[in-house]
Amino acid sequence: MFSGSIPALVTPFRDGAFDAPALKRLVEWQIDEGTSALVPCGTTGESPTLGFEEHYRVIDSCIEAAAGRVPVIAGCGSNDTATAMRHMRHAQAAGATAALVVAPYYNRPTQEGMLAHFRALADASDLPIVVYNVPGRTVADISAETMCKLAEIPSVVAIKDASGDLARVTVHRAGAGTDFCQLSGNDDLWLPHAVMGGVGCISVTANVAPRLCADFAAACAAADWAKALALHDRLFDLHKAMFSDASPGPAKYALSRIHDWFSPEVRLPIIPASDASRAAVDAALSSAGVI
């Protein structure tokens, strides 16, 4: 259902408030540069710091700016099932294409608890669900066996896998079928993930280098592995730089270097990128030819 280069969009802030005009300009640039879908209100969008109404303004603004030109996968995850249901109801009413739903964090549910969580969401809404597994952030890990069971739910259409375990791509293909949409959640592992059957990436780097990431995705889709490897090498330092400090500090700093209309402002507990991180970002932007 989804493929290619899909940025987990940053949420622009200015003077402490959501900067809707900047998001609109960011979406326009992303679409012009070849981005295949958009994810507002993910982790990179600082969703934990957004109140309900602000969260929904970001989703609405993204959908309005995209204007049907690319799919919008709205961040709807929560460690409270009822809150995730509320997010999904709003996203569906607003016209989102799908919901990105992270594994419940902090609560540390069992595998059966996670199955029950996603089944409840599927029962409450027919909005397609992209399951997001990122145990480095949530602690709770959706096992490959559990993911294959989740894939049996008709509205569960894809996984964003940031487990770092590439073997799961093969396990998921065997258990969920070759048509089940597998997206990488790690920019630095996008190439091997694609080689093993992945069809795209929900990416941090695509925020700041959307054309290069779109070209990389196209090379992977065409099985032009020589070109993909060359682009991977060109982007690799940028992938690393995006996490040289707490995300999305480095990504927002990078965007402020590329666009004079973008503010690097973040919200606590995230703080601005450090001097060392900014130096790493500057060097990576230069080596990739972005600036």
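I began with the pair H11 (249–258) and H12 (275–288). Pro-250, Tyr-253, Ala-254, Arg-257 and Ile-258 of H11 meet Ser-277, Arg-278, Val-281, Asp-282 and Leu-285 of H12; contact here means heavy atoms within 4.5 Å. By class, this contact of H11 with H12 has 6 nonpolar, 1 polar and 3 charged residues. The classes are: Ala, Val, Leu, Ile, Met, Phe, Trp, Tyr, Cys and Pro nonpolar, Asp, Glu, Lys and Arg charged, and the others, Gly among them, polar.

I noted the basis of the entries before going on. This is a predicted model, in which local features need pLDDT of at least 70 and side-chain atom pairs count only at pLDDT 80 or more, while totals for chains, interfaces and linings use all residues. Residues are numbered from 1 along each chain as its sequence is written, and side-chain values use heavy atoms, with hydrogens and water left out. Helices (H or I, at least four residues) and strands (E, at least two) are DSSP runs, numbered from the N terminus.

I looked up the geometry of the first pair. The axes of H11 and H12 come within 10 Å and cross at roughly 55°. Axes are lines fitted to C-alpha atoms, for helices over the stretch in contact, and angles run from 0 to 180 degrees between N-to-C directions. H11 and H12 are therefore oblique to each other. For the wording, angles under 35 degrees count as roughly parallel, over 145 as roughly antiparallel, 65 to 115 as roughly perpendicular and the rest as oblique. The crossing of H11 past H12 is right-handed; that term applies if the near helix is turned clockwise from the far one by less than a right angle, and left-handed if anticlockwise.

I then took H2 (52–66) and H3 (residues 81–94). Their axes come within 10 Å and cross at roughly 30°, so H2 and H3 are roughly parallel to each other. H2 also passes H3 in a right-handed crossing. On the H2 side I listed Phe-52, Glu-53, His-55, Tyr-56, Asp-60 and Ile-63, which meet Thr-83, Arg-86, His-87, His-90, Ala-91 and Ala-94 of H3. The contact of H2 with H3 has 5 nonpolar, 4 polar and 3 charged residues.

I checked the length of H1 (residues 20–32). The expected span is 1.5 Å times one less than the number of residues; for the 13 residues of H1 this gives 18 Å, and the end C-alpha atoms are 18 Å apart, which agrees. Ala-22, Leu-23, Leu-26, Val-27, Trp-29, Gln-30 and Ile-31 are the buried residues of H1. Buried means under 20% relative accessible area, exposed over 50%, partly exposed in between (1.4 Å probe, protein chains only). These buried residues pack against strands E1 (4–7) and E3 (17–18) and against helices H2, H9 (210–221) and H11. Just after H1, Gly-34 has a positive phi of about 105°.

I did the same for H9. Its 12 residues should span 16 Å, and its end C-alpha atoms are 16 Å apart, which agrees. Buried in H9 are Pro-210, Leu-212, Cys-213, Ala-214, Phe-216, Ala-217, Ala-219 and Cys-220. The partners of the buried H9 residues are E1, H1, helix H8 (190–195), strand E9 (200–203), H10 and H12. Just after H9, Ala-223 takes a positive phi of about 55°.

Most residues other than glycine have a negative phi, and most peptide bonds are trans. Ala-67 sits in the loop between H2 and strand E4 (73–75) and counts as exposed at 56% relative accessibility. Val-139 has a positive phi of about 75°, lies in the loop between H5 (135–138) and H6 (144–150), and is exposed at 51%.

I also found cis peptide bonds. One joins Ser-247 and Pro-248, with omega about 10°; Pro-248 is in the loop between H10 (225–241) and H11. Another runs from Leu-268 to Pro-269, with omega near 15°, and Pro-269 is in the loop between H11 and H12.

**A buried strand residue**

Last, I looked up Ala-98 in strand E5 (residues 98–102). Ala-98 is buried, with a relative accessible area of 0%. Leaving aside neighbours within four places in sequence, Ala-98 is in contact with Phe-2, Val-72, Ile-73, Ala-74, Leu-127, Pro-128 and Val-130. Ala-98 and Val-72 are 26 residues apart along the chain, and their C-alpha atoms are separated by 6.8 Å.
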